[in-house]
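Subject: Handing over a predicted model

Dear colleague,

I am passing this model on to you, and below it I have set down what was found in it. Please read the notes with the structure open beside them.

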Amino acid sequence: MISEKMVKALNDQVNAELYSAYLYSSMQAYFLSVNLEGCANWMSVQTKEEMTHADKIYKFINERNGRIELEAIAKPQKEWKNALDVFETAHKHEQYVTGRINSLMELAKGEKDYATESFLKWFIDEQVEEEANALKIVETLKMTKESAGSLIMLDHQLAKRDFSSEKD
Ligand SMILES: [Fe+2]
Ligand SMILES: [Fe+2]
């Protein structure tokens, strides 16, 4: 039996994952506006990933016989100073999401809800990757100090990210 409190917390996480998708989609729009197509592609893949995260939790709530409840999704940030600023925002956002997943895990453990605990393990591991992926790009951008040539090279590299090849 899943508690009402756990269902509410999982519903809140569906919203947080959908907000993440919205935020990355806004970052994609920013990159399209400054003609960094590869960076925009990376964000497009990231948006799709976040939607699969929301869907995983959505399905789990239903499997446990909980009621899915969708809330409004907040308006995401629209403008950034440059590519580094965008990826720093992405990295900070992933750190925030990790904190949320950790809180969910604490709640499941406290309630001795072993099924939810087991389900959340995938997200704990996923967040390690999510933070690392964003941080790697932040570090690269810091190293290149926004030189145009390096930015174009990075953009070419990020153009290769493919959603179908990295689905869980
Ligand atoms: Fe996510
Ligand atoms: Fe994420």
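In these notes a residue is called buried if its relative accessible area is under 20%, exposed if it is over 50%, and partly exposed in between, with a 1.4 Å probe and protein chains only. By that rule Tyr30 is buried, because its relative accessible area is 9%.

Please keep in mind that this is a predicted model, in which local features need pLDDT of at least 70 and side-chain atom pairs count only at pLDDT 80 or more, while totals for chains, interfaces and linings use all residues. Residues are numbered from 1 along each chain as its sequence is written, chains are lettered from A and ligands numbered from 1 in the order in which they are written, and side-chain values use heavy atoms, with hydrogens and water left out.

A donor here is an N, O or S atom within 2.8 Å of the metal (3.2 Å for Na, K and Ca), and as water is not among the atoms, sites may look incomplete. The iron ion (ligand 1) is coordinated by Glu17 (OE), Glu50 (OE) and His53 (ND1), at 2.1 Å, and along the sequence these donor residues follow the spacing E-x32-E-x2-H. Glu17 belongs to helix H1 and His53 to helix H2, so this pair ties together parts that are 36 residues apart in sequence; helices (H or I, at least four residues) and strands (E, at least two) are DSSP runs, numbered from the N terminus. Glu17 and His53 are both buried.

The iron ion (ligand 2) has Glu50 (OE), Glu94 (OE), Glu94 (OE) and Glu130 (OE) around it, at 2.0 to 2.6 Å, and the sequence spacing of its donor residues is E-x43-E-x35-E. The angles among its four donor atoms run from 53 to 148 degrees, and the site is irregular. For that term, four donors count as tetrahedral if all angles lie between 85 and 135 degrees, four count as square planar and six as octahedral if opposite donors are over 155 degrees apart and all others between 65 and 115, and anything else is irregular.

Glu50 and Glu94 are both buried.

**Aromatic rings**

Rings of Phe, Tyr and Trp (its six-membered ring) pair if their centres lie within 6.5 Å, and planes under 30 degrees apart count as stacked, over 60 as edge-to-face and the rest as tilted. The structure holds seven such aromatic pairs. One of them is edge-to-face and joins Tyr30 to Trp80, at 5.8 Å centre to centre and with 70 degrees between the planes. Tyr30 lies in helix H1 and Trp80 in the loop between H2 and H3, so this pair ties together parts that are 50 residues apart in sequence. Trp80 counts as buried because its relative accessibility is 7%. Ring pairs also link Tyr30, Phe31, Trp42, Trp80 and Phe87 into a cluster.

In helix H4 (residues 114–144), Phe119 and Phe123 are four residues apart and therefore separated by about one helical turn. Phe119 is buried at 16% relative accessibility, and Phe123 is buried at 1%.

A charge sits over a ring if NZ of Lys or CZ of Arg is within 6 Å of the ring centre and within 35 degrees of the ring normal. The charged end of Lys56 is placed in this way over the ring of Trp122, 4.1 Å from its centre, and Arg161 lies over the face of Trp42, at 4.3 Å from the ring centre.

**Positive phi angles**

Most residues other than glycine have a negative phi. Just after H1, Asn35 takes a positive phi of about 60 degrees.

With kind regards
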